[in-house]
Amino acid sequence: MQEFHALLELLVMLASDPRIVVLFVVLVVASVSDYRTYRIPNWLTFGGAAFALVYKTVIAVSPPSAFLLAFGGLFLGFLIMLPAYALGVMGAGDVKLMAMVGAFLGVHETLQAVLFAFIVGGIAALGFAFFKGKLGRMLHNAKGAVFGMLASTFAGFRPDARVEAGQSIGKLPYGICISIGTMGYVLGRQLGYA
């Protein structure tokens, strides 16, 4: 009975908050695009971020503070993912997608959504490597990247976590992980689990 009540609350939340519906639609479209082409279009991420910023500002009791919270979430999502892009282990579309998610969720919830996305991404990477029969190579690459970054930090030069093409286990469409992690967080929060 409690699960039914929680599900009913979830459906009411989705029906009453078009922001969440739009977020989920954009995440699904981004996932499909990333799966098919390993690209997330700019029009999707920029359009989604613009919608979130405008929507949160228009419906707020205090528009300036609502805009700042939404923009802060956008900036936080961008900032957290930027090092992975700089190291060459994540695409620019993934960074922009997480920034867009931040605009929808605001400063306070972006960090949790990123954490959920990282958990999903880690599980997906392990599963991807396992099913390709390259789990050992992936763990070896990860160990080498960590040691390389630590050594470069102590030596004082820019770390490079890129893996040679022959050593790579393949590309993982990380936009799907961001989408599943974000939707899982939002739904979990609504159901009282997150």
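## Exercises on rings and core

Both Phe130 and Phe131 are exposed. Keep in mind that this is a predicted model.

**Exercise 1.** Work out how the ring pair of Phe51 and Phe104 is classed, and which helices it joins.

Solution. 
- Begin with the total: there are five aromatic pairs in the structure.
- For Phe51 and Phe104, the ring centres lie 6.0 Å apart and the planes meet at 35°, so this pair is tilted.
- Next, place the residues: Phe51 belongs to helix α3 and Phe104 to helix α5, so the pair ties together parts 53 residues apart in sequence.
- Phe51 has a relative accessible area of 30%, so Phe51 is partly exposed. For Phe104 the value is 0%, so Phe104 is buried.
- Finally, look for a further partner: ring pairs link Phe51, Tyr55 and Phe104 into a cluster.

**Exercise 2.** Classify the aromatic pair formed by Phe130 and Phe131.

Solution. 
- The centres are 5.5 Å apart, with 75° between the planes.
- Planes over 60 degrees apart count as edge-to-face, and the pair of Phe130 and Phe131 is edge-to-face.

**Exercise 3.** Describe the largest nonpolar core, then explore the contacts of Ile178.

Solution. 
- The largest nonpolar core has 34 residues, and Leu23, Met100, Val101 and Ile178 touch the most other members.
- Two or more residues come from each of α2 (18-37), α3 (42-59), α4 (63-86), α5 (92-105), α6 (107-131) and α8 (174-190).
- The biggest share comes from α5, with nine residues.
- Setting aside neighbours within four places in sequence, Ile178 is in contact with Met81, Asp94, Leu97, Met98, Val101 and Ala117.

Technical notes
Residues are numbered from 1 along each chain as its sequence is written. This is a predicted model: local features need pLDDT of at least 70, side-chain atom pairs count only at pLDDT 80 or more; totals for chains, interfaces and linings use all residues. Side-chain values use heavy atoms; hydrogens and water are left out. A nonpolar core is a set of buried Ala, Val, Leu, Ile, Met, Phe, Trp, Tyr and Cys residues joined through side-chain atoms within 4.5 Å. Buried means under 20% relative accessible area, exposed over 50%, partly exposed in between (1.4 Å probe, protein chains only). Helices (H or I, at least four residues) and strands (E, at least two) are DSSP runs, numbered from the N terminus. Contact means heavy atoms within 4.5 Å. Rings of Phe, Tyr and Trp (its six-membered ring) pair if their centres lie within 6.5 Å; planes under 30 degrees apart count as stacked, over 60 as edge-to-face and the rest as tilted.
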